[in-house]
Amino acid sequence: MTGRSEDQRGESGARLLGEPMNASELKLWFAQEVLPLEAALMQFLQHNWRNQSDIADLRQEVYVRVCEAAREARPDNTKAFVFRTARNILINRVRREHVVPIEAVADVDALNLAADEPSPDRTVIARDELRRLQSALDRLPDRCREAVILGRIEGLSGREIADRMGITESTVSIHLANGVRALVDAFFAPLSDRRGKQ
Amino acid sequence: MSNAGETVMPLGDAKEIEAQAADWFQRRRFWNWSDDDQTKLDAWLEESMAHSVAFWRLETGFEGTERLTALRHPRFGNVADAPKSKWRPILFRTAAALIVMGAVGVFALRYQEPAPAEMAYATAVGATKSIKLADGTVIELNTNSRVRVSIGRHQRYVWLDRGEAYFQVTHDESRPFVVTAGKRRITDLGTKFLVRRGHEQVEIAVSQGRVRLESADEAHTFAPVELIKGEVVVANDKQIVVKTKTPKKLADELGWRHGVLVFDHTTLADAAREFNRYNEGKLIIEDPEVASLTIDGTFRSNNVGLFARAAKDLLGLRIEVRGSDMVIMR
């Protein structure tokens with residue numbers, strides 16, 4: 001990944017004071033500061049990009065770009081940095097692909113990035129997260145759900161799951177990989193309407 | 001190349017990378033994982049930032065879901081445990097008073113009754129068992145426990161030989177329900193209660209109604225004590241200590257009935273002792289400073305691994321595997 005737009009260079013240029021990060025610092029920063037923004041980021045991308053099948057790629061690109069930049073210099077305001085990067089990525093795609101921009105693309109400043117939203121009661125969030133995880137689990141295909149429950153809740157190994165379900169190890173692997181993806185998506189997904197409406 | 005040398009990442013790439021990351025992740029999480037596997041994973045992660053972020057995201061998210069499950073509080077307050085109505089205790093007491101008077105009349109008959117058959121029930125380490133008696137009483141046995149039960153027409157006797165049992169007694173004033181645990185005898189007075197037998201002591205916790213606690217020996221070393229809902233007694237040979245516990249605390253102590261252990265500012269030493277009651281592979285903590293750290297959360301009693309990981313992540317500790325045991329250390 002060599003090319004970074006002038007635009008983004010400008011962004012990170014403002015943060016030259018930030019220290020470079022090694023791999024484990026970068027991973028920690030990503031886990032603790034970037035991933036908690038995923039729900040808001042996904043909403044931003046979904047609102048501002050017409051083709052919903054591109055969203056996973058756009059999200060990946062945002063993550064890659066912010067991590068590459070943060071490796072050089074840790075940004076001082078992660079939230080603002082992530083959303084400006086997202087906006088730049090959308091703008092660049094618009095320019096390249098000559099798709100008609102949606103007005104809100106440029107409206108990133110309206111997100112009031114400086115102030116952190118007041119967070120709802122922690123137990124409310126936990127309950128909401130649990131409900132989302134439960135429904136994600138419920139939506140899995142039966143065999144996949146069974147494998148995930150055996151592995152995650154009953155603590156069986158892949159080998160034991162294969163024995164218990166009478167299926168091959170490679171099938172168990174596929175079920176578990178799909179289950180992991182679905183649960184993680186649910187874990188990071190936007191909170192339900194209560195917060196999503198505004 | 002368009003403006004400013006910008007490279008746009010190919011579309012359709014992310015899903016494929018995420019699938020690969022998920023495969024790596026599930027292999028590491030659910031299967032045997034060797035140093036060689038780790039080297040291969042490291043190489044894959046090094047290949048591109050896209051690989052790294054996809055893997056980190058799954059790792060962080062999945063650990064988040066596991067912690068969430070670990071912190072989930074089971075629903076203890078089901079209908080059966082809730083007081084049915086305000087009137088019930090009053091009616092109960094009134095009825096009880098009337099029946100006590102009648103009971104005196106049949107007192108003499110009791111001792112002529114031949115001893116009814118005795119049934120024994122036991123659980124292995126890690127197992128629990130629910131026993132429903134003909135009178136509707138339910139006895140739930142915790143790990144590594146044993147009771148003997150003798151139900152007669154005029155008396156109901158249970159001996160807790162070892163371990164722990166939770167009793168939901170179908171109250172019958174004319175047929176006392178008496179639990180003997182070592183040197184203590186507990187008589188039901190319309191109730192649900194827990195009896196745990198340790199080496200030197202007996203613990204009784206009343207989650208509903210009342211029980212009477214007395215000495216089981218003929219000398220009647222101690223005067224009888226009546227215990228009410230919320231009270232917990234620890235009785236050894238020399239003394240009885242009565243404490244009051246909140247409904248939540250009591251519910252936590254009964255978590256095993258749902259296969260979980262609930263910790264609330266519990267030291268790792270106590271938590272390890274609890275887990276070790278349920279599992280053959282033991283948790284070992286040698287460092288006294290580590291042993292005194294505290295932890296909160298709800299854990300499945302058979303999932304020592306998840307507990308060890310939570311201790312590791314939340315308290316910044318290390319885990320060493322020794323045979324079938326796990327050592328928690330700094």
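Predicted model: local features only at pLDDT ≥ 70, side-chain atom pairs only at ≥ 80, totals over all residues.
Local features need pLDDT of at least 70, and side-chain atom pairs count only at pLDDT 80 or more. Residues are numbered from 1 along each chain as its sequence is written.

**Stop one: chain B.** Select chain B and colour by secondary structure: you will find eight helices and 16 strands (DSSP runs, H or I of at least four residues for helices and E of at least two for strands). Of its 330 residues, 45% count as buried, meaning under 20% relative accessible area with a 1.4 Å probe and protein chains only, while exposed means over 50%.

**Stop two: the second largest pocket.** Next, select Arg196(B), Glu203(B), Asp270(B), Glu274(B) and Arg277(B), the closest to the pocket's centre among the 36 residues that line it. The pocket holds about 1000 Å³ of space. Here a pocket is an open set of points on a 1 Å grid where a 1.4 Å probe fits, with protein on both sides within 12 Å along at least five of seven lines, and lining residues have an atom within 4 Å of a point. Now show S12(B), which gives the largest share of the lining, eight residues. Strand S5 (156-168) and helix H6 (268-278) of chain B are among the other contributors of two or more residues.

**Stop three: helix H2 of chain A.** Finally, select residues 23-34 of chain A and pick out Leu26(A), Trp29(A), Phe30(A) and Val34(A), which are buried. They share one side of H2(A), because they cover an arc of only 100° around the axis (taken from the directions from the helix axis to the C-beta atoms). Turn to the face away from that buried side to see Ser24(A) and Gln32(A), both exposed.

Conventions. Chains lettered and ligands numbered in written order. Heavy atoms only, no water. Points joined across faces, edges and corners; volume = space filled by probe spheres on them.
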